[in-house]
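Hi everyone, thanks for making time this morning. I'd like to walk you through some charged side chains and a helix, so let's bring the model up.

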Amino acid sequence: MSTEVLNLKPEAFDPHLEEDTEKAPQGDHSARSNLRASGAHAVQAAEELKAAAEAKAREWSSAVDHKTAELKEKAEEAYEEAITRVKTLQKEAEAYVRANPVKAVLMAAGAGFLVGVLARR
């Protein structure tokens with residue numbers, strides 16, 4: 001990339017601006033002055049646009065960080081709730097097996113038989 005492209009001075013856009021303006025007629029001198037002012041205005045506008053874009057990027061980044069933290073908190077709550085439910089189901093299943101051992105063994109055998117039949121197909 002050339003340094004001319006990165007140079008945001010009005011002279012970078014028109015190399016003739018650096019020439020001696022004393023040789024030019026009065027009207028030409030005025031046009032060059034207007035061109036320089038326009039170039040300076042364009043540079044200022046570009047810098048303001050850059051600052052606005054950076055501010056908007058920081059704003060969006062902050063919003064994304066906030067939303068990410070919020071979703072992480074919700075996911076952790078859901079995970080904790082799922083763990084609690086699994087532990088409750090496990091305790092209930094253990095209590096049922098202790099209360100009805102014969103029934104539990106017959107149900108487990110029946111489920112195993114069905115899985116075996118389905119696995120053969």
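**Charge pairs along a helix**

Let's start with Arg85 and Glu81, which sit 4 residues apart in helix 3, so about one helical turn separates them. Helices here are DSSP runs of H or I with at least four residues, strands are E runs of at least two, and both are numbered from the N terminus. Before I go on, a word on the source: this is a predicted model, where local features need pLDDT of at least 70 and side-chain atom pairs count only at pLDDT 80 or more, while totals for chains, interfaces and linings use all residues. Residues are numbered from 1 along each chain as its sequence is written, and side-chain values use heavy atoms, with hydrogens and water left out.

Back to our pair. Arg85 forms a salt bridge with Glu81, and their closest N and O atoms are 2.9 Å apart. By salt bridge I mean a side-chain nitrogen of Lys or Arg within 4 Å of a carboxyl oxygen of Asp or Glu. Arg85 counts as exposed at 56% relative accessibility, while Glu81, at 42%, counts as partly exposed. The cut-offs are under 20% relative accessible area for buried, over 50% for exposed and partly exposed in between, with a 1.4 Å probe and protein chains only.

How many salt bridges does the structure hold? There are 3. Another joins Glu70 to Lys67, with the closest N and O atoms 3.4 Å apart. These two are 3 residues apart in helix 3, again about one helical turn. Glu70 is partly exposed at 29%, and so is Lys67 at 45%.

Then we have Glu59 with Lys56, where the closest N and O atoms are 3.6 Å apart. Both lie in helix 3, 3 residues from each other, or about one turn. Glu59 is partly exposed at 47% relative accessibility, and Lys56 is partly exposed at 38%.

Finally, a look at helix 4, residues 101-120. Its 20 residues reach 29 Å from first C-alpha to last, close to the 28 Å expected; that expected span is 1.5 Å times one less than the number of residues.

Thanks, everyone, and I'm happy to take questions.
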